[in-house]
Amino acid sequence: MSDANALRNFLVTTEGKRFRMVLLNMVLRQNAQALSSKKGLEFNAGFANGVRTTVHTVEALAAKL
């Protein structure tokens, strides 16, 4: 619980907000790459899903219970 509180407190700081924007940008870039790739569609789609899942996990860890 204390780790979740610390993460939540970090994510509302200026640096935390910037970190969240970087994570969101990574998700969007991976999604765009998966959609535009000519080769390796399955790999790129899986990679994009992994990035999205990782970002979701970080945000879920900070959720209030």
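Guide: Let us begin with a definition: helices (H or I, at least four residues) and strands (E, at least two) are DSSP runs, numbered from the N terminus. By that rule the chain has 3 helices and 0 strands, and along the sequence they give the pattern α-α-α.

Visitor: What should I keep in mind about the source of the values?
Guide: This is a predicted model, in which local features need pLDDT of at least 70 and side-chain atom pairs count only at pLDDT 80 or more, while totals for chains, interfaces and linings use all residues. Residues are numbered from 1 along each chain as its sequence is written, and side-chain values use heavy atoms, with hydrogens and water left out.

Visitor: How do you know what span to expect of helix 2, and what span does helix 2 reach?
Guide: The expected span is 1.5 Å times one less than the number of residues. Helix 2 covers residues 14-36, which is 23 residues, and reaches 33 Å from its first C-alpha to its last, close to the 33 Å expected.

Visitor: Why is glutamine 30 called buried?
Guide: Buried means under 20% relative accessible area, exposed over 50%, and partly exposed in between (1.4 Å probe, protein chains only). Glutamine 30 has 17%, so it counts as buried. This residue is found in helix 2. Leaving aside neighbours within four places in sequence, glutamine 30 is in contact (heavy atoms within 4.5 Å) with Phe47, Ala48 and Val51.

Visitor: Which residues of helix 2 are buried, and what covers them?
Guide: The buried residues of helix 2 are Gly16, Leu23, Val27, Gln30 and Ala34. Their cover includes helix 1 (2-11) and helix 3 (41-61). An α-helix has 3.6 residues a turn, so residues three or four places apart point the same way.

Visitor: Why is asparagine 31 called partly exposed?
Guide: Asparagine 31 has 31% relative accessibility, so it counts as partly exposed. Asparagine 31 is in helix 2, and its C-alpha is 8.9 Å from that of arginine 52, 21 residues apart in sequence.

Visitor: What makes threonine 53 and asparagine 5 partly exposed?
Guide: Threonine 53 is at 34% and asparagine 5 at 30%, so both count as partly exposed. Threonine 53 lies in helix 3, and its C-alpha is separated by 19 Å from that of glycine 16, 37 residues apart along the chain.

Visitor: How many of the residues count as buried in the whole chain, and what share of the contacts joins residues 24 or more positions apart?
Guide: Of the 65 residues, 20% count as buried. Among contacts with a separation of 6 or more, residues 24 or more positions apart account for 53%.
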